[in-house]
Amino acid sequence: MKQIFIIANWKSNKTESEAKDWLEKFNIQDAEFTNKEIIVCPPFTLLSSLKSSIENHKSQIKLGAQDISLFDEGAHTGEINGKQIKEFASFVILGHSERRNLGESKEVIDKKIKMAIESGLIPIICISDISQIQDNSPELINSDNKIIVAYEPLFAVGSGNPDTPENAANMAREIKKKLGNVPVLYGGSVNSQNVNEYVKMSEVSGVLVGKASLDPLEFAQIIKNAQ
Ligand code: PGA
């Protein structure tokens with residue numbers, strides 16, 4: 001049975017009470033977790049309370065952050081460093097197209113990947129095309145490092161217009177050619193109706209879900225439908 005990653009990217013959504021409400025409505029049986037890793041990536045402000053609620057619910061959900069500081073602890077106003085994130089989360093989304101659009105360069109993303117790995121976090125590295133995997137990114141090429149890569153084509157993110165499962169599988173093959181046998185996910189307008197089309201591709205190890213993850217019932221259905 002292959003391991004399937006289903007990752008929720010909440011982006012800049014939800015207050016503390018909305019997150020609590022989400023968790024109460026998100027009702028998934030333990031059996032669903034057998035071969036599935038469910039990771040929720042909320043805003044920083046929710047990591048602490050979600051961690052407590054997850055423990056109270058005895059849920060197997062894991063947490064991820066949506067960014068990491070380039071710096072260690074110290075005089076860096078507004079920054080949240082790897083050691084701080086590690087208290088609450090095991091994963092961090094990096095290289096998302098929405099952050100690249102804000103001007104985050106390949107060099108900055110590479111440094112953040114290095115920071116994440118040094119902090120004991122697993123980076124979920126988003127790329128929209130293969131050129132974003134540089135041959136001079138030692139953190140990426142070093143297969144000893146635990147990383148997850150998500151192929152998220154620009155036209156598909158938040159558009160309701162997903163890429164085809166065949167393209168996702170082809171891209172996963174290209175990524176594995178460069179990086180070895182890392183888990184490659186597909187992201188971009190995934191929902192409960194189309195999730196299994198991606199997950200059933202042998203090269204694709206799961207999905208990164210934005211909008212559809214905000215609704216707890218839809219996200220639970222995505223998990224159930226991913227076989
Ligand atoms: P979407 O977002 O599912 O809303 O298209 C995916 C993402 O940005 O990770």
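1. R99 and E104 form a salt bridge whose closest N and O atoms lie 3.1 Å apart, a salt bridge being a side-chain nitrogen of Lys or Arg within 4 Å of a carboxyl oxygen of Asp or Glu. R99 is partly exposed, with a relative accessible area of 30%, whereas E104 is buried, at 12%; buried means under 20% relative accessible area, exposed over 50%, and partly exposed in between, with a 1.4 Å probe and protein chains only. Both residues belong to a network of salt bridges that also links D67 and K112.

2. This is a predicted model, in which local features need pLDDT of at least 70 and side-chain atom pairs count only at pLDDT 80 or more, while totals for chains, interfaces and linings use all residues. Residues are numbered from 1 along each chain as its sequence is written, and side-chain values use heavy atoms, with hydrogens and water left out.

3. The whole structure holds 14 salt bridges, including one between the side chains of K62 and E37, at 2.7 Å from N to O. This pair links distant parts of the chain, since K62 lies in strand β3 (residues 62-65) and E37 in strand β2 (residues 36-41), 25 residues apart; strands (E, at least two residues) and helices (H or I, at least four) are DSSP runs, numbered from the N terminus. K62 is partly exposed at 31% relative accessible area, and E37 is buried at 15%.

4. In the salt bridge between E16 and K20, the closest N and O atoms are 3.5 Å apart. Both residues lie in helix α1 (residues 16-25), four residues apart, or about one turn of the helix.

5. The largest nonpolar core has 59 residues, and those with the most contacts inside it are I6, I61, I175 and F219; such a core is a set of buried Ala, Val, Leu, Ile, Met, Phe, Trp, Tyr and Cys residues joined through side-chain atoms within 4.5 Å. Helix α7 (residues 165-179) gives the most to this core, with six residues. Apart from this core lies another, of 13 residues, among them F5, F91, I93 and A150.

6. Among the lining residues are R100, C126 and E152.

Note on methods. 1 Å grid on protein atoms, 1.4 Å probe; cavity = no way out; pocket = protein on both sides within 12 Å on 5 of 7 lines; lining within 4 Å.
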